[in-house]
Amino acid sequence: MALLEVQNLGITFGGLRAVDDFSFSIEKGQLYGLIGPNGAGKTTVFNMLTGVYKPTSGSFTLDGENLTGRAPIEINRKGIARTFQNIRLFKELSVIDNVKVGLHNQKKYTIAEGILRLPRFFKEERELDEKAMELLEVFDLGAERDTLASNLPYGKQRKLEIARALATNPKLLLLDEPAAGMNPNETAELMDTIRFVRDKFDMTILLIEHDMKLVSGICEEVSVLNFGQELAHGVTAEVLNDPKVITAYLGE
Amino acid sequence: MKKKVTKNILSACIVLAVYLVIFALVQLGVLSRHYQSLLVPIGINIILAVSLNLTVGFLGELTLGHAGFMSVGAYAGCLFSIYCDLPVAIEFPLSLIIGGLTAAIFGIIIGIPALRLKGDYLAIVTLAFGEIIRAVITNLDFLGGAGGLKGIDKYSSTTSAFTTVFIVLVITVLVIKNLVNSRHGRAICSIRDNVIAAESVGINVVFYKLLAFVTAAFFAGAAGVLYGHNLGILKPGTFDFNKSIEILVIVVLGGMGSITGSIISAIVITLLPEVLRGLDDYRLLIYSVVLIAMMLLNNNPKFNEFKEKIKPKKKGGKTVKDDAAQSADGEVE
């Protein structure tokens, strides 16, 4: 059974049908791409899969469990984590605290234990520190642990966002334009990181991207959205050579 | 581990030293009667400012109803101590807790609908709440109405008043500091920095907003009880929105999200009008000018650089927990 099964998903804003009858499925461990011209509805799909928007039609299941229309926190706890197109870090918190917020729900000490500084507080905070550092090391951010997130260079902010999403221990990771604003070298490095994350954490990844080199480089399958509707889907190389897809991107 | 313990002992020593110095000054008569009478208001303002900083500075929501919570707590706690005949050692802490809890319950009642709002809207709703409370109290006879609630037991002496306020103050600072430096505090700060991202990593935004709001209300209520026992009378007029604004000024001046800043600024703002008393007619004018000057200075990058320089440097290898575990006088940022 597929990890993520999306069936006839659709959403309407007033009179605008932003996404219409969109279906796809992702197997466990797959790297799946979601591409399409600007305004095609890609981020809207992400917003529905993470509970920011409630779909007006259709449904999606994660590991067989129907999560359609659930609240964002619940969907996150069930195992979908994401990054954002316009980076959304906790800017006034340090790098390590950003990751520790991601780890929040994996520790159980209560408010009273925190205020009274009981032993469980120290034990679990130590574990949090260790786990957060492990994640930061994966993304080469260990040296910046005490830097404010807003003071990181752009590329590292993107990495930190991925680290924070991974901290919530998801089954499925959604990356919204991870390579936006990066130069070719950074993009190449990012591709390695994404592959590494998939292998190390045994992660399933769905990503939105405009950089075709990145998409053809790492995605095994892609779906193409245009004006809210599916234009094509299948193995990356084939889809990218589909005349319909080329027309949608470049015009007649 | 060892470093953390020494640091805690050091902080405790500093707190104790501050207490003993002020105690000695009072006993030796170095402080004039006038300044002695300011010790309790300063302490109360510190409690109010530090607790308001939790919502304004750490949660990032602008609320203007802090005086409202203070009055609810003051009336509840003082009524209890008027009608209750227990030994002071039991009765007073109980009245503090009752005042705090009543304010916290009002915090929940106001918070659940109001915290759906953001920014200016929340500020105005909380402002309205404060005014409603005042109007209701003025019209309730059993609370003394506009004439005020009289016959509240006063502290037996200046030193006992000061000691009581100091203990409550230390507890307040410790609780809020420890809360902020825990996973729950990080959740509160994450909401301030980005609500959408906080939700996306599974933070229960409604719960943590309410937690910060209610905790702040609790301590405002306790501060109200201290206030009532200091004067022996409660007048609803004291808790108007000017009081809320005054506390907000303290928080903004001390720096959003800085507990040490709130403490220092509460001392300065409470003392300032009194120090200027000799200047009669010009007093309010100078007070306002000094406020403007301090705000400008606080926003000056050069001055902030200077502040960074004189601040003790953070050591590289230490863990966050060292920071978290120290007590009242440390810096939270």
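This is a predicted model: local features need pLDDT of at least 70, side-chain atom pairs count only at pLDDT 80 or more; totals for chains, interfaces and linings use all residues.
Trainee: What radius of gyration does chain B have, and what would a compact globule have?
Mentor: Start from the length of chain B, 333 residues. A compact globule with 333 residues would have a radius near 20 Å. The C-alpha atoms fill a box of roughly 55 × 50 × 45 Å along the principal axes. Chain B agrees with the globule value, because its own radius of gyration is 20 Å.

Trainee: Which share of the contacts in chain B joins residues at least 24 apart?
Mentor: Take contacts between residues at least 6 apart in sequence. As background, buried residues make up 44% of chain B. The share of those contacts that joins residues at least 24 apart is 79%.

Trainee: Is α9(B) largely enclosed by the rest of the structure or largely open?
Mentor: Check its length before its surroundings. Its 27 residues, 205–231, should span 39 Å at 1.5 Å a residue, and the end C-alpha atoms are 39 Å apart, which agrees. Just after the helix, B:Gly232 takes a positive phi of about 80 degrees. Of the 27 residues in α9(B), 22 are buried, so the helix is largely enclosed.

Trainee: Which element gives the largest share of the side of chain B that touches chain A?
Mentor: On this side, 24 residues of chain B are in contact with 31 residues of chain A. The elements of chain B that give two or more residues are α6 (158–180), α7 (183–193), α8 (195–200) and α14 (320–325). The residues on the chain B side divide into ten nonpolar, nine polar and five charged. The largest share, seven residues, comes from α7(B).

Trainee: Now chain A. What radius of gyration does chain A have?
Mentor: Chain A holds ten helices and ten strands. Its C-alpha atoms fill a box of roughly 65 × 40 × 35 Å. With 252 residues, a compact globule would have a radius near 18 Å. The value for chain A agrees with that, at 19 Å.

Trainee: What percentage of the residues of chain A count as buried?
Mentor: Look at the contacts too. Among those in chain A with a separation of 6 or more, 65% are between residues 24 or more positions apart. Of the 252 residues, the buried part is 43%.

Trainee: Which strands stand at the edges of the open sheet in chain A?
Mentor: The sheet has four strands in the order β2-β1-β4-β5, with antiparallel pairing. Inside that order, β1 (4–13) and β4 (57–62) of chain A pair over five bridges. A:Glu5 stands opposite A:Thr61 in β4(A). Each edge strand has a single partner, so one side is left without a neighbour in the sheet: these strands are β2 (16–26) and β5 (65–66) of chain A.

Trainee: Which residue takes a positive phi in the hairpin of β9(A) and β10(A)?
Mentor: Strands β9 (221–226) and β10 (229–235) of chain A run antiparallel, joined by six bridges. A:Leu225 stands opposite A:Glu230 in β10(A). Two residues lie between the strands. The positive phi, near 50 degrees, belongs to A:Phe227.

Key
Residues are numbered from 1 along each chain as its sequence is written. Chains are lettered from A and ligands numbered from 1 in the order in which they are written. The radius of gyration is taken over C-alpha atoms; the globule rule is 2.2 Å times the number of residues to the power 0.38. A residue is buried if 20 or more other C-beta atoms lie within 10 Å of its own, exposed if 12 or fewer, and partly exposed in between; C-beta atoms are placed from the backbone. Two residues are in contact if their C-beta atoms, placed from the backbone, lie within 7 Å. Ala, Val, Leu, Ile, Met, Phe, Trp, Tyr, Cys and Pro count as nonpolar, Asp, Glu, Lys and Arg as charged, and the others, Gly among them, as polar. The expected span of a helix is 1.5 Å times one less than its number of residues. Two strands pair if DSSP finds at least two bridges between them.
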